[in-house]
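Welcome! Please take a look at the structure below, and let us walk through its pockets and its ligand together.

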Amino acid sequence: MTEKYRPTLHMTPNQGWMNDPNGLVYFNEQYHQFYQYYPHDTVWGPMHWGHKVSRDLIHWQELSPALYPDESGMCFSGSAIVDWNNVSGLFEDGRPGLLAFYTSFLQPSLTLDNGDSIENPIQQQSLAYSQDGNIWTKYKSGAPIIPARGNPDFRDPKVFWHQESEAWVMVVSCGQHIEFYRSRDLLEWRLVSEFGYRQGAHSKGPWECPDLFELSLQGTDKRYWVLVVGIGEGAHCEGAGTQYFVGDFDGETFTNLNHPGKVLWLDFGRDYYATQSFSDVPEQDGRRIVSTWMNNHQYSLELPSDSFRGTMTMPRELYLFESGDGIRVGQRFTKELGAAFQVDSQQLEPESEQALTLYHQDDVMHFQCDVTLDDEQTLHLGLYQDNVAFYEFRKVTTGSGETSLEVRSVRRGQFGLKRIDEHFPHDYRTLLPTNGEFRLEVLFDQGSAELLINGGEYSFTNLIYPTNTQASASLSVDSGTLRLSNLTTKSLMGEGTC
Ligand code: FRU
């Protein structure tokens with residue numbers, strides 16, 4: 001019997017705890033997804049890098065952990081690249097291999113003269129290498145390639161090749177800013193600039209898990225750089241959230257295109273953190289594919305679970321679009337997800353002029369439709385039979401006469417534990433710069449619903465724990481007629497497993 005709330009499609013560890021995606025890389029015709037992992041319990045503990053591989057981004061096979069904590073510290077988040085030309089000199093016969101850049105986290109206790117001891121955390125950047133992607137060796141036994149810099153929060157290196165200036169670049173978060181390093185041989189790194197002072201959203205905690213890459217603006221040949229940064233608390237709707245900046249990067253300095261005070265969120269839900277993009281996805285493919293921890297530090301330790309805790313979102317592909325309010329990042333599910341589904345033959349006629357219910361026999365369902373809202377109408381989208389979460393959509397006209405879409409997101413859930421009971425339920429509103437005609441898409445799996453608007457221009461990713469996990473959605477309007485078109489529901493083809 002399957003475990004309640006164990007997703008069918010989404011990636012979870014076979015057992016134990018999982019947080020951030022790490023070291024996402026395509027190598028030898030496989031996607032490798034490493035992740036923050038503690039195999040011995042379902043709560044956070046001394047961090048390993050767990051390891052899964054996939055050929056289609058849907059079915060993941062779990063391998064032995066790649067990195068283990070030892071006297072050089074725990075293995076915190078980081079990234080991986082293919083060293084195609086063996087510039088590191090770490091591989092035999094000049095063959096390509098994988099390099100993983102991670103943060104070693106040491107927490108030595110200092111004993112003071114008066115006998116008291118204090119914790120003195122040290123975070124530094126370390127390197128590991130692997131010829132085949134499976135067996136890993138810590139370079140210099142985990143000794144740092146970039147030593148601690150005095151700031152206790154100095155972590156999560158992301159490395160990529162910057163073609164224009166012909167150098168390897170590393171972005172690392174340090175306190176509440178991002179540092180940029182350059183290297184020719186992937187072993188020696190030089191600090192070249194910083195970004196973040198008075199830019200975007202800041203809160204009490206450090207910035208975490210940065211990523212930097214170039215994307216094309218849809219329908220043009222213009223390209224922009226996107227800097228992704230996680231904030232562990234104080235995001236748009238409580239707790240953790242993922243912000244981004246759109247700008248330019250010359251190999252040394254990132255320049256924000258927007259006003260420094262402008263805050264852009266990659267997702268408007270509560271469970272979208274530590275986003276990282278895959279490195280070395282084949283050139284002819286040219287996609288920027290990301291994976292994200294579908295969770296929030298506010299309650300991650302208390303989520304209902306049996307043998308595991310931690311789920312990744314479905315991999316998504318990023319793109320840039322012109323929103324009317326500036327250039328924004330959109331994200332759609334990868335084409336591989338489409339291939340996993342078949343279109344349902346279920347009857348899709350509304351039961352009345354005002355309401356329609358969609359459901360599926362099992363717990364996975366994907367549906368899409370075009371919605372047209374009248375001026376005074378509110379569309380209610382109830383998720384699951386117990387309406388344990390719902391969204392309401394309403395067209396609003398702002399003072400300047402422009403039309404926006406107001407989305408109200410409500411989620412319920414009480415689990416008998418203090419932190420989660422306080423922080424899990426929500427009721428908040430988001431204004432989107434789009435109008436009353438939009439495309440709606442929802443992917444259900446056990447324990448979550450990912451909602452995309454207009455092909456991913458706006459996304460809301462939320463964990464949801466219904467009592468009856470059979471996927472269902474009810475769509476209704478409070479007045480007038482429910483106007484939906486191009487509606488499809490899809491069910492899974494064969495067995496999905498992760
Ligand atoms: C983000 C994070 C990272 C860190 C890791 C530790 O969720 O706090 O900054 O490397 O988790 O597990």
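The lining of the largest pocket is made up of 18 nonpolar, six polar and eleven charged residues. Here Ala, Val, Leu, Ile, Met, Phe, Trp, Tyr, Cys and Pro count as nonpolar, Asp, Glu, Lys and Arg as charged, and the others, Gly among them, as polar. This is a predicted model, in which local features need pLDDT of at least 70, side-chain atom pairs count only at pLDDT 80 or more, and totals for chains, interfaces and linings use all residues. Residues are numbered from 1 along each chain as its sequence is written, and side-chain values use heavy atoms, with hydrogens and water left out.

A pocket is found on a 1 Å grid over the protein atoms alone, as an open set of points where a 1.4 Å probe fits, with protein on both sides within 12 Å along at least five of seven lines; lining residues have an atom within 4 Å of a point. The largest pocket has a volume of about 1,100 Å³, where a volume is the space filled by probe spheres set on the points, and points are joined across faces, edges and corners. It is lined by 35 residues, and Trp 161, Arg 223, Val 281, Glu 283 and Arg 288 are the closest to its centre. At least two lining residues each come from S5, S11, S15, strand S16 (223-231) and strand S23 (316-322); strands are DSSP runs (E, at least two residues), numbered from the N terminus.

Now for the second largest pocket, which holds about 540 Å³ of space. Among its 28 lining residues, Asn 19, Trp 44, Arg 155, Glu 208 and His 297 lie closest to the centre. Strand S1 gives the largest share of this lining, three residues.

What takes up the space of the second largest pocket? The ligand does, and a molecule sits in a pocket if more than half of its atoms lie within 2 Å of the grid points. Around the ligand are 13 residues, of which Asp 20, Gln 36, Arg 155, Asp 156 and Glu 208 come nearest; a residue is near if one of its heavy atoms lies within 4 Å. This shell divides into five nonpolar, four polar and four charged residues.

Finally, look at the ligand's oxygen atoms. One lies 3.1 Å from a side-chain N or O atom of Asn 19. For Trp 44 the distance from a ligand oxygen to a side-chain N or O atom is 3.0 Å, and for His 297 it is 3.0 Å. A polar contact is a pair of N or O atoms within 3.5 Å.

Methods:
A polar contact is a pair of N or O atoms within 3.5 Å; within protein, one must be able to donate a hydrogen and the other to accept it, and residues adjacent in sequence count only if both atoms are side-chain atoms. Helices (H or I, at least four residues) and strands (E, at least two) are DSSP runs, numbered from the N terminus.
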